[in-house]
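Subject: Structure handover

Hello,

Here is the structure for you to look over. My notes come after it.

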Amino acid sequence: MEKTIPVDSCQYFNEAMETMTRAEIEALQLQRLQATVEHCMQSPFYKKRFEENGLKPSDIKTLDDLRKIPFTTKQDLRDTYPFGIASTPLRNCVRLHSSSGTTGNPTVILHTQKDLDEWANQVARNLWMVGLRPDDVFQNSSGYGMFTGGLGFQYGAERLGMLTVPAAAGNSLRQIKFITDFGTTALHAVPSYVTRLYEVMKDNGVDPRKDTKLKVLAIGAEPHSEEQRKRIEDMMGVKAYNSFGMSEMCGPGVGFECKEQNGLHFWEDYYIVEIVNPETLEPVPDGEIGELVLTTLCREAMPLLRYRTRDLTRVLGRNCPCGRNHVRIDRMRGRSDDMIVLRGVNIFPIQIEKILMQFPELASNYLITLTTDEDNDNMTVEVELEELFTDDYHRLLELEHNIRRALKDEILLTPHIKLVPKGSLPVSEGKAVRVVDKRKVYQ
Ligand code: AMP
Ligand code: ZN
């Protein structure tokens, strides 16, 4: 289902799909949902699931009937590892991506050529939406391989027709040389890496505003706060757009911000979006936080029905000044499995980040460590200082005190604060590791 590239002046990559009215979106979704459910009967997993629940594809007569279908979970993917959920014979699949979990089997996602084509179209749509055109030069600092941020953006940027620079992860000096030498105008990076790249630019006398042609950043793959985004935009002097993706759906391309930056447009011609209460699994009203549940509408190799993403977010609206009526989803609050429960209080790392980023004295890298000290569970927040003023002891103490107070207001607990020199905390090549849990577990 390849798509020809629209003329540069067109605001949309796929105008017909992007500008549908709500009624048109829902009609298309029902048609695609029915076809997907029918197709899922080729999957041994779904066939059994439907039989066990006394369900038939013909029971799906309206979009509301989606709720008759049981949820699919990451555990289901693990239990059927490696190919048990596929709805298409392996000989028709051309690629797999695998994401390693912390425990148990990794998950495997299969793709047919059509799936890869559609994935590229989704990414191209996103990049077009924020103003990128075939004249642009797109550099990707994601790891290539099993992590979908590499190949996903690669094929999407090529589909749009840009000159692509598949720099891959790491080696900041080389990244910067590519950016300046090749006239990179758009860069994709995980947010924690952008701040690192900026530091290296600064140390090497490169000013991104003067010495590069950068005009767009695509940042995603890991949770980040609005404050972190603002910092990144101020540092680099360009707009940074939030990009949401997950391997189970394809990878990057699922949701992306438009130029309004008022939430991520999730593409409803490709997915049905539900937000449910993670405990009752009932839908929550728009505006209320819950777990994101996605149903794929165009996947051939491995469609997923009502997949529980574990990501927590909310619906912000269903229309937008940009002319797209695809649902707008708030930035992720984190994953339910990332939630820290400390002394009975629920805390998301992103809440801590939001507070830290409000202090101009602090740099962007931080690490939360949980420990058990004399039978008490404690949290230590280490955060890098923007500049070293360790000789000014009074100023350091005052800053520590202010951070502790602000954090207490947000998370209702008083963590230890450790201010450390810039560059002293570990930086990972892929997604940032923000929490280290060294607590003793009592049985
Ligand atoms: P993976 O399948 O390994 O790429 O991981 C997908 C997960 O990364 C999602 O379920 C989210 O938890 C997280 N993620 C991806 N993009 C974003 C984003 N823009 N903001 C917050 N979290 C994200
Ligand atoms: Zn919009």
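Below are notes on one strand and its neighbours, then on the domains.

This is a predicted model: local features need pLDDT of at least 70, side-chain atom pairs count only at pLDDT 80 or more, and totals for chains, interfaces and linings use all residues. Residues are numbered from 1 along each chain as its sequence is written, and side-chain values use heavy atoms, without hydrogens or water.

Start with strand β6, residues 216-220. Strands (E, at least two residues) and helices (H or I, at least four) are DSSP runs numbered from the N terminus. In β6, 5 of 5 residues are buried (under 20% relative accessible area, 1.4 Å probe, protein chains only). Val216, Ala218 and Gly220 point one way, Leu217 and Ile219 the other. In a regular strand the side chains alternate between the two faces of the sheet.

β6 runs parallel to β5 (residues 186-189), with 4 bridges. Pairing requires at least two DSSP bridges between the strands. His188 sits opposite Ala218. β6 also pairs with β7 (residues 239-245), again parallel, over 5 bridges. There, Leu217 partners Ala240. Helix α10 (residues 226-236) carries the chain from β6 to β7 in a right-handed β-α-β crossover (clockwise from first strand over helix to second, strands pointing away from the viewer).

Now the domains. An automatic or database assignment gives domain 1 (1-337) and domain 2 (340-437). Their C-alpha centres are 30 Å apart. Lys202 and Glu386 form a salt bridge at 3.7 Å, N to O.

Best wishes

Definitions and conventions
Chains lettered and ligands numbered in written order. Buried < 20%, exposed > 50% of the residue type's maximum accessible area, 1.4 Å probe, protein only. Salt bridge = Lys/Arg side-chain N within 4 Å of Asp/Glu carboxyl O.
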